[in-house]
Every structure is written in structure tokens, then in C-alpha cells.
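Subject: Structure handover

Hi,

Here is the structure for you to look over. My notes follow below it.

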Amino acid sequence: MKYGLLILLVALSFLGCRSTPRMNVTQIEGSAEKANVVFDSSVIGKSLEVLSVNTAKKDNGIYQVQTVVKSKYKETQNIQYKYEWMDADGIQLESSPWKPIVIYGSARANLAGVSTSSAATNYRLLIAEN
Amino acid sequence: MRKISLSLAMVAVVGSMMVGCSSTIKYDDPASTRNLETSFGASDLQQVANTMVDSMLVFPPMVAVTSQRRPVITVSTVKNKTDQHIDTESITDSIRTKLIRSGKFRFIDRTTDDAAVEELKIQNDSGLVDPKTAQKFGKQIGAEYILTSNLSQITQSAGRQTDVYYKFTMSLKNLETGILEWSDEKELRKLKTKSMFGM
């Protein structure tokens, strides 16, 4: 009886504290004018492959970027990504919130970003596990 | 002797439980996707605002309009059809701020009209202000479009799982013609699985 109580207490002590998971971030840098990609594959490169980067400039000066990634896993992955936008001098103008996305096994996903400022010319795409 | 060692072990375990979780306070990333509950949270608000702004800025008819001029928009309150109390004005505030920051749209804000009328009365009627610099009544610009939005929720739960689906729909209506020039929706789905032992 007492041993049962002891086991229960030990189990409860494991439940109490969950540490915040460490977030490893992969960065992809590019210019909105041409698809010039610098891909640091150290973290997410094991699980994701960048297939293509498309950029478009709208008539109102807004840039649209789409990075197509493919999962190397057979299992579903939960990742999150965000775009940061810089002007021609490299000064950061804005950043989107982290966007969660579910990528099914071996599937492709489009990581889309829009610059809300027409002064943005360069971007940085950050990908992390969710 | 065995009883004593058992009691000691229990005291040690209880003690370690109390020591384990000391509360700490630190700053965190405001754009984080971390969720504590299935209720509509900060990350959901940011995603809704971000998706709506991105969609509106690149929608071809809006691109055509905003490449020539900066249309004037007014924002109506969000119809909150969820079972939660949500500060929906905060969602439209975020959307409006991002759209203003894009430099493609101009906005009028009816919520601050009382203060504006008060100030105009002082400028025009009190005799304190030089009439050359006093701003005139009846010169405000009428909005061309109105932004309307709905937030709805569907909840399903069975056993230890709760599935909450949110849908935010936003439309841009031309006030003169009544035509919806743009519309988009953002869906969010949250799944909560209660652990066997947890609360």
C-alpha cells in the first residue's frame, strides 16, 4: 500500500515540470528580386529539402515569396516559419509572426510570405520545429 | 527500520516536488506559436491579421487599385460568433495598423470622433484659436470601402480529446456599389489531448 503511494508520488513529481523546448532555427536568406538562396541545412536540412523559391513583385510594389519544401520523413512533421524583411541597406523593416504548418510524410509544402512594405528588397526565412 | 526508511523516502519525494517548480518570469517572443489552451490566443490573432493583410495586398483587383491611389477604408466591428469573450477590436486594430504601415491604404476611425469634434469645437467656437489655422467642420473624407468580418467556432470533444476549429472571414465592401471587392478566410484548428495523469 505504502509502496503504491510512493510510486504514485514519484510519477506525480515527473508530471509537474515541463521544460520549455529549445528552438533550433534554420535560416534561408534571399533577395526578393532574384531567387538567391543561402540555405543553412544544419538543423532542418535533415528533415526538409528546399525544392524551389519563387518571387514576384506586384504592380503596387509588394513582394511575394514562396519557398517550396519537401519532407524527407515518412511521418507527419509540425514546423513553424516566419519571414523577416529588410530594405536595400539591410535594415529590418518588419517580420511576420511564426506560422505553424503541418507537413505530411514525403509531402511538399509552400511557405509563403508577403512584404507589407514596398521598401523591402531582401528577406530571411526562418524555419523551426514546432 | 524499514518503515522509517520508507517514510524518509516519501518525505524526500514530496520535498523534491515542492523544490522542483519555482516560478520564474522572463520575456518571451511575442510572435511565438506556443499555446496553453484551445481558446483563441495571441498567436491566433497574429496569424489571422497577417493572413488577411497579405491576402488583401496581393489580390489582383486590389493591386490594380493600390498601384494608382490609396483608397480610404473604414472598419466595422467583428461579429464574434464564438462562445468566448474575445477582444475582436484588437484583431481589426492589428489588421488596420499593418495596412496603414504598408502605405497602400488610408483609414478613418469613427471611434475617436468624439474627441475630434470636441477639439474642432474649441478651434472654431472658443475664440482661442487663430481662425486662419482652425480646422473646418465638414471637410473630412468619406470612406470608399468598409471592412467587415466574422469569427466563428466549431468545437467537438470526445473522451480526452477536444478539437476546436476557428474561421475568420473578412470582406471589403464598396460602400457606393455594395460590391464585395475582396474576401478571404483564415482557418485555424487546435487539438487538445488530455494526458492520463494531468489535470
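In what sense do strand β3 (residues 48-57) of chain A and strand β4 (residues 63-71) of chain A pair, and over how many bridges? They pair in the antiparallel sense, over nine bridges. (Two strands pair if DSSP finds at least two bridges between them; strands are DSSP runs of E, at least two residues, and helices are runs of H or I, at least four, numbered from the N terminus.)

First, the ground rules. This is a predicted model: local features need pLDDT of at least 70, side-chain atom pairs count only at pLDDT 80 or more, and totals for chains, interfaces and linings use all residues. Residues are numbered from 1 along each chain as its sequence is written, while chains are lettered from A and ligands numbered from 1 in the order in which they are written.

**Chain A**

β3(A) and β4(A) form a hairpin. Five residues lie between them, and A:G61 in the turn has a positive phi of about 90°. A:T55 stands opposite A:V65 in β4(A).

Strand β1 (residues 25-31) of chain A pairs with strand β9 (residues 122-129) of chain A, antiparallel, over seven bridges. A:T26 has A:I127 in β9(A) as its bridge partner. The side chains of β1(A) alternate. A:T26, A:I28 and A:G30 point to one face and are buried (20 or more other C-beta atoms within 10 Å of the residue's own, with C-beta atoms placed from the backbone).

Definitions and conventions: A residue is buried if 20 or more other C-beta atoms lie within 10 Å of its own, exposed if 12 or fewer, and partly exposed in between; C-beta atoms are placed from the backbone.
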